[in-house]
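Subject: Handover of a structure and notes on it

Dear colleague,

Please find the structure below, together with its sequence. I would be grateful if you would read the notes with the structure open beside them.

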Amino acid sequence: MAEQRTFDDRDGWIWFDGKLVPWREANIHILTHAMHYASSVFEGQRAYNGEIFKLHEHSQRLHKSANILGFEIPWSVVEINAACREVLKANKLVDAYMRPVAWRGSEQMGVSAQGTKPHMAIAAWEWGKYFDPKLAEKGIRLDIARYRRPAPYTAPVHSKAAGLYMIATLSRQQAESRGYEDALMFDWRGQVAEATGANAFFVRDGELHTAIPDCFLDGITRRTVMDLARNRGVTVVERDIWPDELESFEQMFLTGSAAEVTFVGSAGPWNFEVGDLSRQLAKDYDDTVNGRIANR
Ligand code: PMP
């Protein structure tokens with residue numbers, strides 16, 4: 001891949017509505033429904049040593065996300081899997097981040113979307129760690145987000161929908177402008193939810209605690225890490241977590257396809273250490289995605 005160029009100006013191939021097109025030609029018109037009304041859903045997945053981790057689950061979630069937004073992707077989960085592999089191969093990528101995206105087209109303008117056609121594209125590129133490894137080693141610093149994860153009756157919270165990232169982007173932007181790496185988001189009730197693009201875990205007395213994903217994404221990485229912890233005999237507790245409890249946790253980390261397992265040093269006024277269990281699970285996750293532990 002060339003020097004850091006903008007994302008629309010690179011060499012390579014993008015899968016676009018069923019065929020590979022040169023990277024710079026993967027364009028949509030300005031009057032595309034998704035652009036104006038956020039009628040777009042996407043995935044974020046990584047390939048390790050040429051294998052896309054939990055590909056089938058990601059493709060299934062993409063389908064589900066679109067269905068929640070009221071549209072059907074015209075390619076089956078199996079076809080999307082094959083297309084993802086094709087993109088990896090065409091770009092000669094072995095370790096990569098991949099972005100499948102599906103959206104409503106330009107047949108209709110206005111809030112109504114019945115007449116729009118669904119489209120889909122898949123891009124892939126080399127992408128290192130989500131957070132600066134030097135900072136992540138000691139644990140990244142989280143701001144407390146100004147925005148809260150909306151209630152399930154306020155937004156389609158179980159869809160990985162572009163529209164839900166408006167508050168995530170704003171929260172991350174605020175965090176970065178204040179010198180933090182990311183932000184911890186509470187939910188509509190005031191309970192601890194997740195970060196702007198990753199789920200949150202806490203360790204106390206050798207147990208793992210995480211919030212119930214009833215108003216945010218139940219991450220594929222989240223579920224993988226919970227399995228890895230259970231495989232080590234660690235008790236995993238999914239429950240309501242209120243901010244006043246944060247003081248009592250010893251360790252905190254984030255999970256996500258992009259973030260993988262990222263240690264957290266602090267969230268707002270609460271400090272955490274990078275402890276043994278966090279390190280163990282980060283290693284187990286790394287071993288899993290690289291095929292050294294079976295769970296693909
Ligand atoms: N929450 C949000 C808001 C995210 O964007 C992500 C990344 N997709 C996650 C959680 C983690 O999900 P996954 O582990 O499936 O990548």
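The notes that follow cover the domains, the interface, the ligand and the salt bridges.

The model is predicted, and therefore local features need pLDDT of at least 70, side-chain atom pairs count only at pLDDT 80 or more, and totals for chains, interfaces and linings use all residues. Residues are numbered from 1 along each chain as its sequence is written, and side-chain values use heavy atoms, with hydrogens and water left out.

**Domains and their interface**

The chain is divided into domain 1 (13–125) and domain 2 (133–289); such bounds come from an automatic or database domain assignment. The C-alpha centres of the two domains lie 26 Å apart. In contact (heavy atoms within 4.5 Å) are 19 residues of domain 1 and 20 residues of domain 2. Together the domains bury about 1600 Å², 60% of it on carbon and sulfur atoms. Buried area is the accessible area (1.4 Å probe) that two parts lose on being put together, summed over both.

Between domain 1 and domain 2 there are two salt bridges, a salt bridge being a side-chain nitrogen of Lys or Arg within 4 Å of a carboxyl oxygen of Asp or Glu. Arg46 forms a salt bridge with Glu260, and their closest N and O atoms are 3.9 Å apart. On the side of domain 1 that touches domain 2, strand E3 (40–42), strand E4 (45–48) and helix H2 (55–68) each supply at least two residues. Helices (H or I, at least four residues) and strands (E, at least two) are DSSP runs, numbered from the N terminus. Helix H2 gives the most to this side, with six residues.

**The ligand**

Which residues come nearest to the ligand? Of the 16 residues around the ligand (a heavy atom within 4 Å), these are Tyr165, Glu194, Ile220, Thr221 and Ser257. A polar backbone atom of Ile220 is 2.7 Å from an oxygen atom of the ligand. A polar side-chain atom of Lys160 lies 2.8 Å from a nitrogen atom of the ligand. The side chain of Arg61 has an N or O atom 2.8 Å from an oxygen atom of the ligand.

**Salt bridges overall**

The whole structure holds 22 salt bridges. In one of them, Arg178 pairs with Asp143, the closest N and O atoms being 2.8 Å apart. Arg178 lies in the loop between helix H5 (165–177) and strand E9 (182–186), and Asp143 in strand E8 (residues 140–144), so the pair ties together parts that are 35 residues apart in sequence.

Yours sincerely

Technical notes:
A polar contact is a pair of N or O atoms within 3.5 Å; within protein, one must be able to donate a hydrogen and the other to accept it, and residues adjacent in sequence count only if both atoms are side-chain atoms.
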